[in-house]
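Please open the model in a viewer and keep the selection tool at hand. The stops below are arranged so that each selection leads to the next.

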Amino acid sequence: GQITFFAMEVLEALRHELELPNAQPQATRRNAFVRGLDLSALIGQQFEVQGVRFEGVEESKPCHWMNAALGPGAEEWLRGRAGLRCRILTDGILARRN
């Protein structure tokens with residue numbers, strides 16, 4: 001994968017369920033953070049974000065490092081929801097939107 005997407009809803013649930021209110025997005029080591037996308041449904045699919053086209057390649061798998069970066073239990077909790085590795089199909093600029 002050339003870029004990995006991560007759902008902010010997953011981070012928010014992790015913070016709540018594992019009682020890790022200080023877990024930060026950058027600690028996931030993912031490249032792009034999104035809201036409102038079912039990332040697992042995009043495996044094998046082409047999709048567009050802000051005019052840039054991507055192809056979902058595979059689920060991103062968490063590693064033991066997640067327990068140190070996010071907090072105890074994060075690796076196990078993130079299995080099946082650690083993001084989406086993608087191939088970049090077109091060029092463009094992704095901008096942060098609130």
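Strands, as the term is used on this tour, are DSSP runs of E with at least two residues, numbered from the N terminus. The model shown is predicted.

**Stop 1: the largest pocket**

Begin by selecting strand 2, residues 32–34. With three residues, strand 2 gives the most to the lining of the largest pocket. The space in this pocket comes to about 480 Å³. Its lining has 15 residues, and the closest to the pocket centre are Phe33, Val34, Ala95, Arg96 and Arg97. Colour the lining by class: nine of its residues are nonpolar, three are polar and three are charged.

**Stop 2: the second largest pocket**

About 160 Å³ of space lies here. The lining divides into eight nonpolar, three polar and three charged residues.

**Stop 3: the nonpolar core**

In soluble globular proteins, nonpolar side chains tend to be buried together. The largest nonpolar core in this model has 27 residues. Select Phe5, Leu14, Phe47, Phe54, Leu70 and Leu78, which have the most contacts inside this core. Two or more residues come from each of strand 1 (3–7), helix 1, strand 2, strand 3 (46–49), strand 4 (52–59), helix 3 (74–78) and strand 5 (84–88).

Now centre the view on leucine 70. Neighbours within four places in sequence aside, leucine 70 is in contact with Leu11, Leu14, Leu20, Ala23, Gln24, Ala27, Thr28 and Leu78.

**Stop 4: the aromatic cluster**

Which residues do ring pairs link into a cluster? Select Phe5, Phe47 and Phe54, the members of that cluster. The structure as a whole holds four aromatic pairs. One of them joins phenylalanine 5 to phenylalanine 54 in an edge-to-face arrangement, with 5.0 Å from centre to centre and 85 degrees between the planes. Phenylalanine 5 belongs to strand 1 and phenylalanine 54 to strand 4, so this pair ties together parts of the chain that are 49 residues apart in sequence.

**Stop 5: threonine 4**

Move to threonine 4, which is also placed in strand 1. Its relative accessibility is 8%, so threonine 4 counts as buried. Beyond its neighbours within four places in sequence, threonine 4 is in contact with Arg30, Asn31, Ala32, Ser60, Leu84 and Arg85.

**Stop 6: the loop between helix 1 and strand 2**

Select the loop that runs between helix 1 (8–17) and strand 2, where proline 21 is found. Glutamate 19 and arginine 29 lie in this loop too. Display the backbone torsions. Most residues other than glycine have a negative phi, and most peptide bonds are trans. Glutamate 19, however, has a positive phi, near 55 degrees, and the phi of arginine 29 is likewise positive, near 60 degrees.

Proline 21, with 62%, is exposed, and arginine 29 counts as exposed at 58%.

**Stop 7: tryptophan 65**

Tryptophan 65 counts as partly exposed, with a relative accessibility of 34%. Which residues does tryptophan 65 contact, leaving aside its neighbours within four places in sequence? They are Ala27 and Arg29; the latter is the residue of the previous stop whose phi is near 60 degrees. Finally, draw a distance from tryptophan 65 to glutamate 75: the two are 10 residues apart in sequence and 7.6 Å apart from C-alpha to C-alpha.

Methods: Residues are numbered from 1 along each chain as its sequence is written. This is a predicted model: local features need pLDDT of at least 70, side-chain atom pairs count only at pLDDT 80 or more; totals for chains, interfaces and linings use all residues. Side-chain values use heavy atoms; hydrogens and water are left out. On a 1 Å grid over the protein atoms alone, a cavity is a set of points where a 1.4 Å probe fits but cannot get out, and a pocket is an open set with protein on both sides within 12 Å along at least five of seven lines; lining residues have an atom within 4 Å of a point. Grid points are joined across faces, edges and corners, and a volume is the space filled by probe spheres set on the points. Helices (H or I, at least four residues) and strands (E, at least two) are DSSP runs, numbered from the N terminus. Ala, Val, Leu, Ile, Met, Phe, Trp, Tyr, Cys and Pro count as nonpolar, Asp, Glu, Lys and Arg as charged, and the others, Gly among them, as polar. Buried means under 20% relative accessible area, exposed over 50%, partly exposed in between (1.4 Å probe, protein chains only). A nonpolar core is a set of buried Ala, Val, Leu, Ile, Met, Phe, Trp, Tyr and Cys residues joined through side-chain atoms within 4.5 Å. Contact means heavy atoms within 4.5 Å. Rings of Phe, Tyr and Trp (its six-membered ring) pair if their centres lie within 6.5 Å; planes under 30 degrees apart count as stacked, over 60 as edge-to-face and the rest as tilted.
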